[in-house]
Amino acid sequence: MKKLIALLVALMMVLVNVAALAETTTLKAGTSPDFPPFESMDDAGAVVGFDADLAAAIAKIIGVEIVFEPTSFDSIVTGVQTGLYDLGISGFYITEERLANVDFTVPYLEDSQSCIVKVDSAITDNASLMGKKIGSQSGTIGLESAEASTDESNVFPYTKALDAVMDLKGGKLDAVITDTPVAKAILAELNDPTITISTTVSFGVEYYGIALPKGNDELKAKLDEAITTLIADGTIDQLVQKWNIYGTADEAAE
């Protein structure tokens, strides 16, 4: 009898989720709009970038509006977990630690992290990061990589990756670790010949996904189907080119 009751409760929860999704016309997405080219704010106060365009394309397919709610990056997963946001769309790498708290869609991009250094830096490989002062955005995998690369006292979290790079320029840091597209966007913006992306420090491949509450299988299925469609029809490739995600436009110009 207990098993039957548990099964009925589980079935009711699924039906509630399906019904709720069918009635939903707007999904709230937590984002940290300080992470170009993925998301930033334009002069009118709107969120723009690769993820904003991706969200618009997904919304069109699944028949809802996705509304961005700007917040700090390190609060988004908790916000999704507690129901404050329906989604987390903010250049999220899919990690085991995050999967313990939220679900993720199928990946929509793959990439890696980069290490920004001074051009005359003594950092020549991953091992030489030990003992160096490393900055990264709070709550990111870049910060975890920094923690794994040097001693705890030399790891410095920042609200924005750009702020960390400014401290690197000012001599307060020896290196900054962040997503490669973000690193390239910052260097292009600053156009400073004294800093560069290290070609000898490397990190593993990571995959980007959209966070959503655990157990909302109906929403996940719709998002997964939409992302798969956008990969297959070339939309995501077009957005990669539009927002110069892999820096190919800069490389072609060099």
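Aspartate 224 and lysine 220 form a salt bridge, with 3.0 Å between the closest N and O atoms; the term denotes a side-chain nitrogen of Lys or Arg within 4 Å of a carboxyl oxygen of Asp or Glu. The two residues are 4 positions apart in helix H8, so about one helical turn separates them. Aspartate 224 counts as buried at 14% relative accessibility, whereas lysine 220 is partly exposed at 23%. Here, buried means under 20% relative accessible area, exposed over 50%, and partly exposed in between, with a 1.4 Å probe and protein chains only.

The structure is predicted: local features need pLDDT of at least 70, side-chain atom pairs count only at pLDDT 80 or more, and totals for chains, interfaces and linings use all residues. Residues are numbered from 1 along each chain as its sequence is written, and side-chain values use heavy atoms, leaving out hydrogens and water.

The salt-bridge count comes to 4. One of them joins aspartate 53 to lysine 242, with the closest N and O atoms 2.7 Å apart. Aspartate 53 belongs to helix H2 (residues 50-62) and lysine 242 to helix H9 (residues 235-242), so the pair ties together parts that are 189 residues apart in sequence. Helices (H or I, at least four residues) and strands (E, at least two) are DSSP runs numbered from the N terminus. Aspartate 53 is partly exposed, with a relative accessible area of 22%, while lysine 242 is exposed at 55%.

Another salt bridge pairs aspartate 103 with lysine 214, at 3.1 Å between the closest N and O atoms. This pair also links distant parts of the chain, 111 residues apart: aspartate 103 sits in strand S7 (residues 103-104), and lysine 214 in the loop between strand S14 (206-212) and helix H8 (217-232). Aspartate 103 is buried at 16% relative accessible area; lysine 214 is partly exposed at 45%.

Turning to the whole chain, the protein has 10 helices and 14 strands, and buried residues make up 45% of its 254 residues. Among contacts (heavy atoms within 4.5 Å) with a separation of 6 or more, 70% are between residues 24 or more positions apart.

Finally, methionine 166 lies in helix H6 (residues 161-169) and is partly exposed, with a relative accessible area of 38%. Its C-alpha is 9.8 Å from that of valine 176, which is 10 residues away in sequence.
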